[in-house]
Structure formats: structure tokens, C-alpha cells
Amino acid sequence: MNKPASQRILAVDILRGITIAGMILVNNPGSWSHIYTPLEHAEWNGLTPTDLVFPFFMFIMGMSMYISLSKFNFQFSAPTAKKIIKRTILLYLVGLAIAWFSLTCRTFNHLGEESLPFFERLGKAMWNFDKIRLLGVIPRLAICYGVVSFIVISVKQKFIPYLIAFLLLGYFILLMFGNGFAFDKTNILSIVDFKILGENHMYIDNGIEPEGILSTIPAIAHVLLGFFIGKIMMETKDIHQKIERLFIVGATLTFSGFLLSYGCPINKKIWSPTFVITTIGLASTLLALLIWIIDVKGHKKWCRFFEAFGVNPLFMYVLAAFITIVFGNIKFSFDDELRNIIGFFFTNFSKIMTELNASLLYAILFVALNWGIGYVLYKRKIYIKL
């Protein structure tokens with residue numbers, strides 16, 4: 001088996017950083033009622049720039065898994081399996097902890113109307129496990145990481161493309177015969193999620209859980225495809241050939257995804273097969289472009305901002321989520337109204353600019369706040385990993 005090339009590609013860290021910064025930006029507007037269209041998710045079918053950030057990150061995760069698991073020669077062993085299981089559980093628990101903390105803060109504020117003693121109020125707010133969301137962005141990453149890791153150390157790599165095709169085709173058939181393109185509770189994805197998870201443990205968008213159980217199937221294929229593209233790239237030593245292969249793969253997948261969308265709509269909320277193909281294609285193309293700009297032409301000064309996000313991706317995402325929860329739940333009286341920190345800044349920004357620009361400005365400043373913390377870690381070479 002060919003060993004992956006040893007040289008580090010800075011562009012991979014930069015693309016990872018761009019996706020994390022993008023995720024933080026689109027998740028933190030000053031007001032959810034005032035968002036520029038490119039910074040919103042598609043309501044159902046379709047694709048916006050915002051819809052790209054999460055699948056781009058999953059693509060990079062797949063590529064990174066090729067590099068990390070190559071250290072174990074992609075061989076199954078008890079120590080390797082133990083490490084995979086441990087990391088999967090920890091990653092899932094981090095996602096669960098964020099959901100718990102958010103629900104606790106919201107419930108604590110809500111119970112303030114009942115004039116309960118502080119510790120009784122806090123206890124009720126903290127004991128919320130009957131209503132906690134079980135799935136989400138980080139839980140999906142955890143599940144995909146665990147499943148894909150065991151696949152690639154158990155299955156010969158030459159069979160992985162066939163497995164990807166099987167998963168995507170099988171999922172498409174499920175969508176076709178299960179009313180899977182309906183944006184309501186009659187959708188087979190919704191039916192399964194309500195049956196297994198229960199309404200109290202879901203984030204529901206018109207009956208659909210965006211990170212539901214069945215839609216994890218194509219998400220696994222998504223990470224596998226990222227893994228295989230990582231294999232193609234890392235086994236190619238010449239950097240110009242890396243770029244060429246990434247461009248070819250990217251262009252082929254992008255055009256294929258858009259062409260197939262006439263029969264299978266591109267849809268993030270159900271993670272449709274065409275969504276997988278198209279976003280992987282776009283990610284591959286962008287990575288090729290970044291490698292050419294950064295690693296070949298040497299234009300690196302502009303990308304230091306994103307490198308601070310890219311070297312500590314999980315920590316930066318969790319940090320942003322924590323700050324968001326705090327900012328959204330600490331309330332105080334302002335202009336004779338009770339506002340949280342987000343509302344305070346948005347209201348004041350709105351006095352000197354349009355509400356759309358005020359919302360965008362808050363999001364940009366929030367990204368800058370997180371970058372400041374990430375930059376300190378980056379300069380001190382502190383890398384926080386599970």
C-alpha cells in the first residue's frame with residue numbers, strides 16, 4: 001500500500017478554518033429576523049453559501065481521517081478500536097453537553113417567572129434530560145467519525161467507492177418510496193425520528209429533524225467520500241498533480257450533482273445524495289484553488305486569520321456555542337426593556353445603520369471575538385484535541 005506523502009498542506013488547515021469561521025458567522029446574527037439571503041439556509045430544496053459550511057467541514061474531517069488513520073496502517077486492532085470508541089463517545093458527549101447547557105440556561109430564565117428559590121429554580125433547570133436534543137451538528141460528526149473509522153480499518157480501500165455508491169443509491173431509493181422529499185411529517189425521515197427519538201428530543205423544522213437518524217446514512221457516505229479524496233490527494237506526491245486531481249474530481253462531482261438534481265433535489269435538511277455529491281465537488285475544487293494560491297504561489301499572509309480557527313476547529317466551534325448561549329441568556333434592563341447581550345448590541349447598532357447591516361456587524365464582531373481567543377492559542381502553539 002502506498003504511504004501518504006509526508007508534507008503538510010497548509011491549505012487544508014485554511015479551508016478547515018474558513019468553514020469554522022463561516023459556521024460561527026452564520027450561526028450568530030444580531031437578529032434572526034434580519035439576515036442577508038446568502039447567510040441563510042435554503043428553506044427546503046436548493047443551495048446557499050451557508051449550506052456549504054457544514055458539509056465542507058465533514059469533507060475535511062474525512063480527509064483528515066485518512067491522514068490520522070494511516071498511522072495505524074488502516075489495520076483493525078484493539079488499541080485502535082479503543083481510541084476510536086473513546087473519541088466518538090467524547091465527541092458525542094461534547095455535543096450533548098452543549099445542548100444541555102443551552103436548555104438549562106433557557107429553562108432557568110423561563111422559571112424566573114415562577115418566583116422560585118434560586119437553588120430550586122437551578123435544580124429544575126438542570127434536570128432537563130427528558131427534553132434534551134439527542135442529535136445535532138457535533139453528535140452527527142461523532143457518529144460519522146466512529147462509523148467511518150471502523151469501516152476504513154475493516155474494509156479494503158478499493159471497495160470504499162462501491163460502498164459510497166451503495167449508501168447513496170440506497171438512500172435515494174428510500175427517499176423516493178418514503179415520501180422523502182416532502183417538507184412535513186409525512187416524510188419517512190420525520191416518521192422514523194419521531195418514533196425513535198421522540199418529539200422532546202428533536203429540533204423540529206416543519207416536522208423535519210435536520211440531523212436526523214436516516215439522514216445520517218448519506219452523511220456517512222459524505223465522510224467516506226472525503227476520506228477517499230484524501231487518499232487520492234495524499235498518495236500523490238507532486239503538488240501540481242494534487243491540484244490537478246482535486247480539480248478533476250471537484251468539477252466532475254459538481255457537474256454531476258447539479259445534473260442529477262433534476263431528479264433528486266439538492267437538499268441539506270435531508271442530506272440528499274445530490275447534496276453530498278455537489279458539496280463534495282465544490283469543496284474539492286475550492287481546496288485545489290487554495291493549494292495553488294497558498295502552497296504553490298506562497299500567498300500566505302491573508303490566510304493567517306483562518307489558520308487560528310483551522311488548527312483548533314472543535315474547540316473554536318464549542319467556544320462560540322458556549323459564548324452564544326451565555327450572550328443569549330444573560331438579560332438586563334435597557335431602554336425600559338429586558339434584553340440579552342445580543343439584543344443590546346443589535347439595538348444599538350440599529351440606531352446608526354440598517355437592521356440588516358446591524359445584524360451582520362454583530363455576527364462579524366462575534367467572529368472577531370472568537371478569533372482573538374483562538375489567535376492567542378495559535379501563537380502559543382496550544383492545540384486542543386480529543
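Predicted model: local features only at pLDDT ≥ 70, side-chain atom pairs only at ≥ 80, totals over all residues.
Modeller: Residues are numbered from 1 along each chain as its sequence is written, and side-chain values use heavy atoms, with hydrogens and water left out.

Biologist: Why is Lys-269 called buried?

Modeller: Buried means under 20% relative accessible area, exposed means over 50%, and partly exposed is in between, with a 1.4 Å probe and protein chains only. Lys-269 has 13% relative accessibility, so Lys-269 counts as buried.

Biologist: What makes Asp-205 and Lys-269 a salt bridge?

Modeller: A salt bridge is a side-chain nitrogen of Lys or Arg within 4 Å of a carboxyl oxygen of Asp or Glu. The closest N and O atoms of Asp-205 and Lys-269 are 2.7 Å apart, which meets that definition.

Biologist: Which parts of the chain does the pair of Asp-205 and Lys-269 tie together?

Modeller: Asp-205 lies in the loop between α7 (188-196) and α8 (216-234), and Lys-269 in the loop between α9 (239-260) and α10 (273-296), so the pair ties together parts 64 residues apart in sequence. Those helix labels follow DSSP runs numbered from the N terminus: H or I of at least four residues for helices, E of at least two for strands.

Biologist: How do you know that Glu-211 and Lys-268 form a salt bridge?

Modeller: Their N to O distance is 3.9 Å, and the limit is 4 Å, so the pair counts. Glu-211 is in the loop between α7 and α8 and Lys-268 in the loop between α9 and α10, so this pair ties together parts 57 residues apart in sequence. Both Glu-211 and Lys-268 are buried.

Biologist: What separates Arg-304 and Glu-307 in helix α11?

Modeller: They are three residues apart in helix α11 (residues 304-310), which means a separation of about one helical turn. Arg-304, at 35% relative accessibility, counts as partly exposed, whereas Glu-307, at 9%, counts as buried. Elsewhere, salt bridges that share partners join Arg-133, Glu-209, Glu-211 and Lys-268 into one network. A search of the whole structure finds seven salt bridges.

Biologist: What makes the largest nonpolar core a core, and how many residues has it?

Modeller: A nonpolar core is a set of buried Ala, Val, Leu, Ile, Met, Phe, Trp, Tyr and Cys residues joined through side-chain atoms within 4.5 Å. The largest one has 85 residues, and those with the most contacts inside it are Phe-59, Leu-224, Met-233 and Leu-287. Helix α2 (residues 53-69) gives the most to this core, with twelve residues. A second, separate core of nine residues includes Tyr-171, Ile-208, Leu-214 and Ile-270.

Biologist: Which residues does Met-233 touch?

Modeller: Contact means heavy atoms within 4.5 Å. Not counting residues up to four places away in sequence, Met-233 touches Ile-9, Val-12, Met-63, Lys-242, Leu-246, Leu-287 and Ile-291.

Biologist: Why is Phe-56 called buried?

Modeller: Its relative accessibility is 7%, so Phe-56 counts as buried. Phe-56 is found in helix α2. Its contacts, leaving aside neighbours within four places in sequence, include Leu-15, Thr-19 and Thr-279.

Biologist: How do you know whether helix α1 spans what is expected?

Modeller: The expected span is 1.5 Å times one less than the number of residues. Helix α1 (residues 10-27) has 18 residues and reaches 26 Å from its first C-alpha to its last, close to the 26 Å expected. Of those 18 residues, 15 are buried.
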